[in-house]
Amino acid sequence: MKNGSARSSTVVFSVTMALVLLLAFGVYASNRLLTHWLLVRNIEQTAEHVPPAVVSAGLTDDFYSMLPENAQTGAGLRLKTETGTTAKTDKPIRIPDLQMSEQLFSFMSATLQPSEVVANRFVSLSDINQGPRFADRLAAVFAKDTDPEIFDGRALGLQLALDQVELKTAPYTDVEMTWWGKVEAASFLIFPQQDAEGMVRGALVVLLDNTKRIESLSIITLISSGIIAALCLASFLFAAFLLWMRFHDQVKTNRDIEFLAHHDALTGLPNRAVFNARLNESLRLAHAKASNMGVMLIDVDKFKEINDTYGHGTGDIFLQIIADRLRSVFGDHLVARLSGDEFAVMVQSVSDVARLTKLASDMLAATKHPCVIDGKEIKISLSIGIARASDGNWRSSRLLHCADLALYRAKHSGRSTFAWYTPEMDADALKRKEIEAGLVKALKFDQFELLFQPQYSLADNQLKAYESLIRWEHPTKGSIPPDVFIPVAEDSGLIEAIGDWVLSRACQEAAGWPDKNLRVAVNVSAAQFMAGETHKKVARALRVSGLDPSRLEIEITESLLISNTDAVVETLNEIRNMGVSIAMDDFGTGYSSLSYLSRFPFDKIKIDRSFIRNLGKDVGTDAIVTSIIGLGRSLDVVITAEGVENQEQVTLLRAAGCNLVQGYLFGRPGSVEAHANFMARNDPRPAMAHTRAHASIAQAAEELADARIEAEDEEQNVQPPSPFSATG
């Protein structure tokens, strides 16, 4: 990886230096080319004014000396020729020595300033047509009249200039530039000479020294070169910026990839891989130093319900808030996010039980502050499991497993609390694993059994319904109570399949009962209830079994409404629209709220057995039961009392106006056939009728007692006792 980066850096540096050199060369070349172009154009533009100026000055005869009529007179000219031979032939070459007159020379020098006229010759077209030999000889003649520093022959340039005479009508020049960009100061200026018919008869060849003209153009070329250099530099900087942006984005992308490889994208906390690596390293150090360390696993209680209720966007913000509070409480300790709603904390500097407990308590206290997202206040509830590595034999997997066992205990201890790992938890975990594996087999091999407990009416002493109750008869361990395997089924996710089995079996058996007026009640726990799906399962069970929907009753608990009120109420309405009754089970326990009764019209309310057990023994319990029954009457809701086990409870419930009762007094859970046999042998209805008559007498006595007590209350302002205690 490092070698690749080094090679990449070398390539980038080399490319950058090449671009810089290319930029410098481009600026220099543009400067030279611009100077050459400006010099040529400047000389030619100046020379274009010469013929009209000559005419105006009356020097036409001197300027057009090569024309036939002027050549004959030779006015003001020196007529002299030079001869020479070439290397290839002995034929003499005539070199004319026809030059401008002094007056014309002075005029031309003044007109062509700042260039200086160094030498000149009039040449005829016939001389020019002799080709390179004439150009070589003419160049030699010019060399004699010129300072060698200014002119060093330039026969080739002169030949190229003369070759263009017949093609030109205006003056033109020839300025040479060396291969390294130097512009030569000496140049030939050619004035083609035309006769009256426009035919070129010859040319005036003028040798110029352009040193001063080049100097006068230097400012323009410098400014132009500066502009070109600025544009090139801007282009270079822009290209460098694009190159930098590309590499910057690449570096940033690599940095982001590296960050995401070690951190959680949502909360910015280290991820599971980092936590495991740091935990292994810390355990090695703890072993080497013979020190202790602790680990906390933290789980967000009912996070799925928050997602379902408020949406995943709110759920993400909720997790970010929790992450911030974890950072604020645990400070420098390593805090990581292991999964969706599970966090972990590794504590090294604080390892004693008291201080770890203090940290866990502080974290729970931090959740008490309100969490408001988009104007909605959401309660934060965390369960914490704590484990401590007390010697060098601990491994990271073992430590996390122990913390997870403690977390499980915290969740099943009421949530929003913390628990320490104890060795007994391993046996409990093993037992749960065995139960979970057994539940899978029980579903596969149909080891579950459905029992039914009767519900009787206190109004006419008639059997009205059965509540379905699941039992598990294990092939080797015998009967396993529901309170043992149901929590395991909820934790493992098997409760949904078990609930579907109970619903389907209850509907099938109820459809086969001889008495088609008997109803069947099925419990649906919050863990198995699926908003938007449960009503479909109910409809499917009714359709398959053929059971009349009016004979089915679905029992739910208040915790289901607390978890996701809107979605649950919508699904319950779907079930109720089928004709199925909805009952609230265990009313009065946990999180009872009358707002649930106003939001959803329940058909039945069931009083929990914990209240019936103390009926007639506790004034507070009597008041609660009286209130619940009175509430049911006001809302026109059927009231069912669970756990009725003696005649005294029946008497008190009848006196209070309770509708239905169920309990061991009327039959234990079993098959419908077994209950029919029990009824044939021990029919409780005569006793119930006797109790009813007894209750009428007791009620009259109660009214008299109430009147007496009210009279005494007016004098002593003493609260009257419960009517249940009067009848008891």
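Let me begin with E44, which is buried at a relative accessible area of 15%. This is a predicted model, so please keep that in mind for everything I show.

E44 has a salt-bridge partner, R41, and their closest N and O atoms are 3.5 Å apart. R41 counts as partly exposed, at 32% relative accessibility. Both residues are in helix α1, and because they are three residues apart there, about one helical turn separates them.

While we are on this helix, look also at V11. It is placed in helix α1, which covers residues 2-47. V11 belongs to a nonpolar surface patch together with V15, L19, L22 and F25. The accessible area of that patch is about 470 Å² in total.

Back to the charged pairs. How many salt bridges does the model have? The count is 23. As background, side chains of opposite charge can pair when their charged atoms come close.

The next pair is R409 and D428, whose side chains form a salt bridge at 2.9 Å, N to O. R409 is in helix α14, residues 396-411, and D428 is in helix α15, residues 424-445, so this bridge ties together parts that are 19 residues apart in sequence.

K604 is buried at 5% relative accessibility, and E553 is buried at 4%. Salt bridges can also share partners, and in that way D299, D301, K411 and R415 are joined into one network.

Now to strand β9, residues 342-347. Six of its six residues are buried, so the strand is largely enclosed by the rest of the structure. In general, side chains in a regular strand alternate between the two faces of the sheet. In β9 both faces are covered, with E342, A344 and M346 buried on one side and F343, V345 and V347 buried on the other.

Which strands pair with β9? One is β7, residues 293-300, which runs antiparallel to β9 and is joined to it by six bridges. Within that pairing, M296 has V345 of β9 as its bridge partner. The other is β8, residues 334-337, also antiparallel to β9, over four bridges. There, R337 stands opposite F343. A hairpin of four residues connects β8 to β9.

I will finish with two loop residues. Q662 is in the loop between β22 (660-661) and α25 (672-681). Q662 is buried, with a relative accessible area of 1%. Its side chain makes a polar contact of 3.2 Å with the side chain of K606. Leaving aside residues up to four places away in sequence, Q662 touches a list of others, including Q453, P454, E467, T640 and V644.

D163 is partly exposed, at 46% relative accessibility.

Technical notes. Residues are numbered from 1 along each chain as its sequence is written. This is a predicted model: local features need pLDDT of at least 70, side-chain atom pairs count only at pLDDT 80 or more; totals for chains, interfaces and linings use all residues. Side-chain values use heavy atoms; hydrogens and water are left out. Patches are made of residues with over 30% relative accessible area and no salt bridge: like charges are joined within 9 Å, nonpolar side chains (Val, Leu, Ile, Met, Phe, Trp, Tyr) within 5 Å. Accessible areas come from the Shrake-Rupley method with a 1.4 Å probe; for residues, only the protein chains shown count as cover. A salt bridge is a side-chain nitrogen of Lys or Arg within 4 Å of a carboxyl oxygen of Asp or Glu. Buried means under 20% relative accessible area, exposed over 50%, partly exposed in between (1.4 Å probe, protein chains only). A polar contact is a pair of N or O atoms within 3.5 Å; within protein, one must be able to donate a hydrogen and the other to accept it, and residues adjacent in sequence count only if both atoms are side-chain atoms. Contact means heavy atoms within 4.5 Å. Two strands pair if DSSP finds at least two bridges between them.
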